[in-house]
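Let's take a walk through this one together.

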Amino acid sequence: MKRTLIFLSLIVGLSASLPSQGGEINPAYCIALRDLAVKIGNSMRRGASLEAAIGWATSREQEFQSYLENPKPVLRPLIYYVYLFRDDRTTSTIEIGQLVYNKCQNGVYGTTKPRKVARGLRRGGEDRSGDGAEQPSDSDTYSMGTGWPVAEGLVVTNNHVIAGHEQITLVATDGRKISATVLATDTTNDIALLSPDDTDQLPTALTIAKKPAPIGAEVFTIGYPHPDIMGSKPKLTTGVVNAETGLHDDPRTYQISVAVQSGNSGGPLINMNGEVVGVVTSKLSAVRVFQWTGDLPQNVNYAMKSSYVVTMLKKADMDMILDEIPAKKASLEDLARRIEQSILIVVAQ
């Protein structure tokens, strides 16, 4: 049981939790993180190991104590993030630094105010106390994920995207905003059904597959990974079903090689007929696995099987009011063109 709990804690949800507009970030802090990321990236490109980068960054912790009382919870994730780009020669270290800067500006590396502002940046004598490691609470954050409509006039997403939030907005690809409320949740299987205030504003519904996807099946998802960095246009990633069961042979989920990031939560896992076979839910945390085993897992992701969505829809007992995109085998390009307009951003506040 203990072993099961340890490995379950490795799973991280994929909703993007962002700071509220009221949060303040010291610009000097983000610049310092950016510069450190560039130096770490350059070191790794020259062949430095992850362990060497950790040791070097640890020696720099004192520099960040002018901003944070305890820099370690910030610097470790930063190192692991940069390390994931070690084989990506299409992204320069300057670009990596800019990505880190953008993430910092959005509160990813701590939304608490610095304990001490760098010289020359203190304004009005205000006290910017805080330890820099505190995560934002539900009261001052909003969550972003992905959703998609079904014929019943409802929108499917992950429960962890909307949990703890009261105001929900669906954003269509044309920028149209639709208010919604939570109709039903399945916390065990991490699924939520949202009811829009105006179903006429919803795009065409996706078709749910009648059969599960076999191992080796080609699948893809369209969603909104890191919308604060990558933009608000839908993004497509492809892969296969690696296993018909998930963590510890969990029969409810698929293990998939479809690359997913924060913001993909709730997105549809789609087969080459354009049918939804699952709901993108989580990924194995490379950072935590490395901390425990010394190994970095590569692209291990999970999706809840769509049969659990069907079960929820039957319990909801709703009439079919939306047209569905017909299931038909086609090229990836054709399927993407047919489906992308039906993928929604879910914003929970």
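Start at helix α2, whose buried residues are covered by elements that include α3, α4 (61-64), α5 and α6. Contact here means heavy atoms within 4.5 Å, and buried means under 20% relative accessible area, with exposed over 50% and partly exposed in between (1.4 Å probe, protein chains only). Helices (H or I, at least four residues) and strands (E, at least two) are DSSP runs, numbered from the N terminus. A word on what you're looking at: this is a predicted model, where local features need pLDDT of at least 70 and side-chain atom pairs count only at pLDDT 80 or more, while totals for chains, interfaces and linings use all residues. Residues are numbered from 1 along each chain as its sequence is written, and side-chain values use heavy atoms, leaving out hydrogens and water.

Back to α2. The helix has 19 residues and reaches 27 Å from its first C-alpha to its last, close to the 27 Å expected at 1.5 Å a residue; that expected span is 1.5 Å times one less than the number of residues. Among its buried residues are Ala28, Tyr29, Cys30, Leu33, Leu36 and Ile40. An α-helix has 3.6 residues a turn, so residues three or four places apart point the same way. After the helix comes Gly47, with a positive phi near 105°.

Now for the core. A nonpolar core is a set of buried Ala, Val, Leu, Ile, Met, Phe, Trp, Tyr and Cys residues joined through side-chain atoms within 4.5 Å. The largest one here has 30 residues, and Tyr29, Leu33, Leu78 and Tyr109 have the most contacts inside it. Two or more residues each come from α2 (27-45), α3 (50-59), α5 (72-83) and α6 (93-105), with α2 giving the largest share, nine residues. Leaving aside neighbours within four places in sequence, Tyr29 touches Phe64, Tyr67, Leu68, Val74, Cys104 and Tyr109.

Which cysteines does the disulfide join? It joins Cys30 to Cys104, S to S 2.1 Å, where a disulfide is a pair of cysteine sulfur atoms within 2.5 Å. The structure holds one disulfide, and it links distant parts of the chain: Cys30 sits in helix α2 and Cys104 in helix α6, 74 residues apart. The link is left-handed, with -75° about the S-S bond, and both cysteines are buried.

A second, separate core has 28 residues, including Phe220, Tyr224, Ile270 and Met312. Ile270 takes us to strand β12 (residues 268-271), where Pro268 and Ile270 point one way, Leu269 and Asn271 the other, and all are buried. Strands pair if DSSP finds at least two bridges between them. On one side, three bridges join β12 to the antiparallel strand β9 (residues 218-223), with Val219 opposite Asn271. β12 also pairs with β13 (residues 275-284), again antiparallel and over three bridges, and here Pro268 has Val279 as its bridge partner. β12 and β13 form a hairpin with three residues between them, and Gly274 in the turn has a positive phi of about 80°.

Gly263 is buried, with a relative accessible area of 1%.
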